[in-house]
Amino acid sequence: MATTTKYLLKGGTIATCVQGSGAPSVYKADVLVEGTTITRIEQDIAPEAGVEVVDCTDKWITPGFVDTHRHVFMTVLRANHCDYLLSEYFIKMSWTVQGSLTPSEVGIGTLAGCLDALHNGVTTLLDHFHAAHTPAHADAALAAVLESGARVIWAPARQSAPTQLLPALQYGHEPEAARWQREKLRELGAPNAGRLRPDGRVTLGLAYDALWQGPMSTHQEYLAYARSVPVSVITAHIVQGPQILQWRDGGLLGPDVVFSHCNVLADRATPDDEMWAALKESGAAIAATPEDELGMAHGNPVALDALKRGVKCGLGVDATSINSGDLFTQMRIALQWARGHDHERIHLNKETPPFHNKYSSADAFRLATLGGAEALGLDKLIGTIEVGKRADLVVFDANSVNLAGAADPIGGIVFHAASEDVEMVLVDGEIVKRGGKLVRDWAPVAKELKKSADGVRERWPEDKLEENWKKWYDTNGAPVF
């Protein structure tokens with residue numbers, strides 16, 4: 001019989017949200033991890049034989065961060081899209097480069113992307129995988145997810161790559177893709193009730209951005225089929241469109257639905273707005289990615305609005321081809337955008353200046369931990385530090401250059417922390433980062449990642465992409481989403 005691994009995180013300060021409370025809890029205690037689970041949280045736990053003691057003096061212990069929307073494979077295109085508009089991105093990436101990626105390029109991008117997340121203390125990801133062009137692409141991405149050690153809801157997309165860009169999009173492989181993707185969903189999900197690892201660390205989801213084509217009955221049938229497989233989460237993009245109401249009217253909404261972005265809601269401020277109500281009443285969630293939403297012209301972020309309205313919401317990176325791969329940045333931008341927008345409203349309306357900010361560091365911290373877990377339906381498992389929950393934990397060095405002198409872990413993490421402050425990361429009780437370094441050897445991953453990234457850039461030089469974008473723009477204008 002395999003021996004259960006046990007760790008005692010001793011002498012640290014715990015910082016965690018509390019289910020049912022708007023205020024976080026910060027206190028000194030030891031944390032005992034046995035196997036995959038937190039089994040004791042008390043002061044002065046005496047170490048027993050067979051328990052590895054981890055000295056957490058001057059350390060902060062938090063739940064692992066939860067990323068509710070990331071296209072993980074796009075790490076193979078890291079920093080390629082930092083200056084793109086969303087409209088430009090579709091012509092220069094989604095409808096061109098993406099369809100040319102090989103299974104090995106998708107695989108190394110996915111592995112590197114998962115390790116990037118773990119390095120930054122992100123232990124759980126909803127991977128919206130929209131490059132499942134062939135069964136080989138799907139197999140390569142899933143193999144990389146399983147290899148990484150991250151907790152992942154792997155959501156392959158029901159879509160195919162365009163076979164023609166100009167003068168108009170054509171999808172010549174759609175019938176074939178629809179067939180094999182449907183079969184693949186059942187093949188992967190049915191044998192173990194959607195668990196893609198026996199322990200459930202990786203589960204099956206579905207990305208479904210298909211409402212633009214075919215009758216509603218087609219989508220009702222397909223999503224009923226997916227839920228029967230079962231998939232744990234169904235995710236879709238919404239930027240400025242009416243899809244929330246389309247999903248509502250089609251009877252497709254439910255607590256297993258996660259919509260990324262939802263910037264259309266930023267202009268729907270009335271308390272009884274029907275889009276907001278549809279989300280709250282159905283239990284559907286929002287995955288906000290404020291860094292690229294602001295930069296790519298999606299519209300204004302709605303994460304803090306969702307939190308105040310009681311709509312489930314988490315944060316996400318979206319893609320490291322566009323921006324950073326950590327949730328520290330997302331927390332800061334979400335919080336400061338919401339504050340700035342509120343201050344602007346007060347100024348323009350000549351209202352009485354407030355006594356305090358409307359939104360706090362604790363709000364942002366909640367979005368990145370418990371909020372994300374709630375959005376993904378995992379809050380009984382992760383998102384807080386509690387006895388009985390899975391040991392997805394992050395240990396911060398509170399004596400680091402960034403954090404030394406900070407008394408409040410919540411404010412310190414939201415406004416000052418970075419990946420170099422993350423000393424240790426556990427997923428399901430497994431240490432995946434120790435002493436500030438990934439346990440997995442990064443050097444060979446980096447070598448293969450750079451080789452693959454260079455190959456993609458050689459095939460698709462920027463001047464070629466710019467030429468495609470100009471032709472599209474001059475012929476069709478900017479696509480609107």
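Trainee: Which residues of the largest nonpolar core touch the most other members?

Mentor: This is a predicted model, and in it that core has 123 residues, with Phe65, Trp154, Trp247, Phe259, Leu265, Ile286 and Phe396 touching the most other members. Helix H3 (residues 103-119) gives the largest share, eight residues. There's also a second, separate core of 18 residues, including Val33, Ile41, Val395 and Leu426.

Trainee: What does Phe259 touch, leaving out residues up to four places away in sequence?

Mentor: Phe259 touches Ala236, Ile238, Ile244, Trp247, Leu253, Leu279, Ala285, Ile286 and Ala287. Contact takes heavy atoms within 4.5 Å.

Trainee: Why is His261 called buried?

Mentor: Buried means under 20% relative accessible area. His261 has 2% relative accessibility, so it counts as buried. You'll find His261 in strand E12 (residues 257-261).

Trainee: And why does Cys262 count as buried?

Mentor: Its relative accessibility is 0%, so Cys262 counts as buried. Cys262 sits in the loop between E12 and helix H8 (274-282).

Trainee: What is the phi of each of those two?

Mentor: For His261, phi is near 75°, a positive value in a residue other than glycine. Cys262 also has a positive phi, near 60°, and isn't glycine either. Most residues other than glycine have a negative phi.

Trainee: Which peptide bonds are cis, and what is omega there?

Mentor: One is Leu166 to Pro167, with omega near 5°; Pro167 is in the loop between strand E8 (151-156) and helix H5 (174-189). Another is Val229 to Pro230, with omega near 10°. Pro230 lies in the loop between helix H6 (216-228) and strand E11 (234-238). Most peptide bonds are trans.

Key. Residues numbered from 1 in each chain as written. Predicted model: local features only at pLDDT ≥ 70, side-chain atom pairs only at ≥ 80, totals over all residues. Heavy atoms only, no water. Core = buried A, V, L, I, M, F, W, Y, C linked by side-chain atoms within 4.5 Å. Buried < 20%, exposed > 50% of the residue type's maximum accessible area, 1.4 Å probe, protein only. Helix = DSSP H or I, 4+ residues; strand = E, 2+ residues; numbered from the N terminus.
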